[in-house]
Every structure is written in C-alpha cells, then in structure tokens.
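Take a walk through this fold, one packing unit at a time. Keep the sequence beside the coordinates as you read.

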Amino acid sequence: MLNKLTVNGFKSIESCELELQRLNVVIGPNGAGKSNLIGVFRFLNSVLSKQLQLYVGENGGSDRLLHHGEKTTPMMSFRFDFGYNAYSFCLKPAVGDTMVFDWETIYFHDTRYLHPWNLQIGAGHKETVLHDTANTSGSGRRVAEHVLQGVQNWVVYHFHDTSSSAPAKKTQDIDDNRAFRPDAANLAAFLYWMKLNHPTEYRHIVEHIQLVAPFFEDFVLEPSRNNPNKIKLEWRQKGSGAYFDGFSLSDGTLRFICLAALLLQPSLPSLILLDEPELGLHPFAITILSEMIEAAARRSQVMLATQSVTLLNQFSPEAIIIANNDGLHTNFRRLTEQDLSIWMNDYSVGDLWEKNVIGGRP
Ligand SMILES: Nc1ncnc2c1ncn2[C@@H]1O[C@H](COP(=O)(O)OP(=O)(O)OP(=O)(O)O)[C@@H](O)[C@H]1O
Ligand SMILES: [Mg+2]
C-alpha cells in the first residue's frame, strides 16, 4: 500500500505531503489541482516506461510542468513511501526542453534499524535507471526489484473516451488478457478470459451491469469467425434478436462496463487511480459505482478525484481529501470525523460540501 506521497514543484503543487489510506477521495472546485494530483501518477507511469522526455515534450516542455515555470521553481521532486520501501527522484530542466534526473534514490526500511537504508542509483540521466539497477548484479539489486514491483502496479485508468474510435470498441487481440488496460483497449479480451477462468467474478460483473442497464442480458464473447486471434465487444439485449456491439452501447453504459470490469476483476492492481469516474453516469449507477469502489478499496487501494455529490455521499469523511487552490498553489487537507462531528448528525458529507461547510468550493 502507498502510505505517503510527497510532491514538490509539480504544476499547481508547490509542496505536499499526503498520508494515504485504502480509500482516498479528492474533492474540490474546478482548477483546484485534483487532476494534477492524479497526474503525478500518470507522470510516474511515463517515467517508469522510460518516456519522460516524450511526456515533457507532449505536455509543452518543462516550463509547463514546473510550478509556475522554471524561473520560480528550478526543480521538482517526488517521493513515494510504500510498505518497507520508498522511491524518490528529482528532475531539473536541461537544454532543448528536456529534463534530467538530479538524483534518483531507492530506500528500504529494515525495522531493526532506526534509519532507512538508501541508495542513489543515478544522477544526470535522462530516463530512469531503476530497471537497470534491478537487472544488474550491483548493490541495491534486491531493493530495486522490490521498488520496481511496487511502483509499476499503480495505474491511472481513463474510460472517458466513448467516441466511435474508443479503444474499448475496437477489435482486439484475444490473448491480450494479462492485465486490464488503462484505456480499456482489451475490454472484450479481458472479459473473455474472465468468463473462461473466473466465472464467478464474470457473473458478478454482468449482474452489476444489469442493475444499471436492466435491458442488458449478457456479453457474446467468442473469437472472431474471420480471425480466431481477434475478438470484439458484442452483447445481447433482453427481448431482442438484433445484433449489438460496442457501437450500440450508450456512453454511460460503456463507461460503467469498463468500471465494473476494473473494480470487480479477480486480482486488482495495488493502487487504482481514477479521475472523475462518475462522468456521464446516472445517480443510481453512481451509487452502485461507490459500492464497487469501497469493495475494491478493501482488497486493494483506490484514489480518485470527483465532482459528484452523490458519490461523495456514499463515503465516510476519513476517506475525503479536500483540494483548494488559493490562486497560486494547491493544498490538500484530509477531513477528520472530528471536523464534522457537530454537523454529521444532520447532514451527509455531500450536503456539507454543497453548503460549503467543509471548504473545497469556489
Ligand atoms: N505549471 C503550473 N504552475 C502552477 N499552476 C499550474 C501549472 N499548471 C497548471 N496549473 C494550475 O492547475 C490548474 C488545473 O488543475 P487541475 O486540472 O488539477 O484542476 P481540477 O481540480 O482537476 O479541476 P476540474 O474539476 O476542472 O477537473 C490550472 O487552473 C492552473 O491554475
Ligand atoms: Mg480535473
């Protein structure tokens, strides 16, 4: 479990040190910095897939990423504390709109010793050397392996695209089922694998979809007749003999299907990150979504940003982190039950948010 996240100098986050729990729900007005917080993990995913330079280029250069630009903030740093390990790195701008590592460090806290063991694995490099450290027989190999295993398992999922070119609607490789892809690009292949190997979880998913979309009968999951290595999303509608595929699903239904497949799958990634998962869902579907999120947080760890009062109402105050942007920087504050004890008897958290009692409103 990711216990603590420390960020300095990234976008609107000048500095933040956030203790995390199993369930973390970030709320706040538009522009508060919620997506920037989830964005830390997108950024981390890019760093770990050795695409830091690509990320910097695609996002407008280091000046856009550094807090109020590189004149104000010469470098940015991140630290992730999880289990007995931590991973930390600091980046600074370099010529040609690139960024280099000022340092990259791994930690291991053996409880027998007061201070954690740490090793700086590189400086001045352009892409992470964590994999190299884990793969070569030098000092720190074991710790690097552990760190890599941990950080690689934190995934930002994004199912907002339901256009005709949405990844979930495309024909997919039938064997692409090792893990559910962050953009649901292997939805049909993954459901097919679950149906064959984990029928209970598969049934569970179908039942949850039926709660939200009562017309939905089941998926039709079979290899393509023209090419048995391929599969695509097809389904049956109750009382209809017509042909339905991904293109026939409504936007909200497709998003809900992706969320159900993610949250109800047999083995979850160790940290699931979602930005506004409620997008386009009916309030009743949001209630079901909140139940799936809570259940997933009991098995793993979840962090999400939301604008939905309905979703917020389902969670306990301890899960909630309020993002506020004072115009220059974002700060994050966790709600405590004590904060709310006087109010909670009469109102739900969502009500209090709407009434602007807990902050996090424009
Ligand atoms: N390099 C930067 N330095 C300082 N602030 C930045 C930087 N880049 C972005 N910001 C700030 O971050 C804000 C956007 O934050 P973010 O996208 O996280 O908001 P949000 O809380 O997700 O809002 P919404 O609810 O609209 O999605 C911008 O309005 C801007 O003020
Ligand atoms: Mg946002």
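What is the handedness of the crossing of α9 and α10? The crossing of α9 and α10 is left-handed; a crossing has that hand if the near helix is turned anticlockwise from the far one by less than a right angle, and is right-handed if clockwise.

Some ground rules come before the details. This is a predicted model, where local features need pLDDT of at least 70 and side-chain atom pairs count only at pLDDT 80 or more, while totals for chains, interfaces and linings use all residues. Residues are numbered from 1 along each chain as its sequence is written, chains are lettered from A and ligands numbered from 1 in the order in which they are written, and side-chain values use heavy atoms, with hydrogens and water left out. Helices (H or I, at least four residues) and strands (E, at least two) are DSSP runs, numbered from the N terminus.

Back to the helices. Two packed helices are described by the angle between their axes and the distance between the axes. Axes are lines fitted to C-alpha atoms, for helices over the stretch in contact, and angles run from 0 to 180 degrees between N-to-C directions. The axes of α9 and α10 (residues 283–299) come within 10 Å and cross at roughly 20 degrees. The two helices are therefore roughly parallel to each other. On the α9 side, the contact (heavy atoms within 4.5 Å) is made by Phe256, Leu259, Ala260 and Leu263. On the α10 side, the residues include Ile288, Leu289, Met292, Ile293 and Arg299. By class, this contact has 10 nonpolar, no polar and 1 charged residues. Here Ala, Val, Leu, Ile, Met, Phe, Trp, Tyr, Cys and Pro count as nonpolar, Asp, Glu, Lys and Arg as charged, and the others, Gly among them, as polar.

Helix α9 (residues 251–263) also packs with helix α7 (residues 187–197). Their angle is about 45 degrees, and their axes lie 11 Å apart. That makes α7 oblique to α9. The crossing of α7 and α9 is left-handed. Helix α7 brings Leu187, Phe190, Leu191 and Met194, and α9 answers with Leu254, Ile257, Cys258 and Ala261. The residues of this contact divide into 8 nonpolar, no polar and no charged.

Now the strands. Two strands pair if DSSP finds at least two bridges between them. Asparagine 8 has serine 15 as its bridge partner in β2 and stands opposite serine 77 in β4. The β1–β2 hairpin has 2 residues between the strands, and lysine 11 takes a positive phi near 50 degrees.

Follow β4 (residues 76–82) onward. It pairs with β5 in the antiparallel sense over 7 bridges. Phenylalanine 82 is bridged to asparagine 85 in β5. Their hairpin has 2 residues between the strands, and glycine 83 takes a positive phi near 50 degrees. Strand β5 (residues 85–94) is mostly covered, with 7 of its 10 residues buried; buried means under 20% relative accessible area, exposed over 50%, and partly exposed in between (1.4 Å probe, protein chains only). Next, β5 and β6 (residues 98–108) pair in the antiparallel sense over 10 bridges. Cysteine 90 is bridged to tryptophan 103 in β6. This hairpin has 3 residues between its strands, and glycine 96 in the turn has a positive phi of about 75 degrees.

Which order do the 6 strands of the open sheet with mixed pairing follow? The order is β8-β14-β15-β3-β16-β17. β8 (154–157) and β17 (330–334) stand at the edges, each with a single partner strand, so one side of each is left without a neighbour in the sheet. The twist averages 20 degrees from one strand to the next. β8 and β14 (residues 271–275) pair in the parallel sense over 4 bridges, with tryptophan 154 opposite leucine 271. Helix α1 (residues 34–48) packs on the sheet, and its direction makes about 125 degrees with that of β8.

Conventions:
Parallel < 35°, antiparallel > 145°, perpendicular 65-115°, else oblique.
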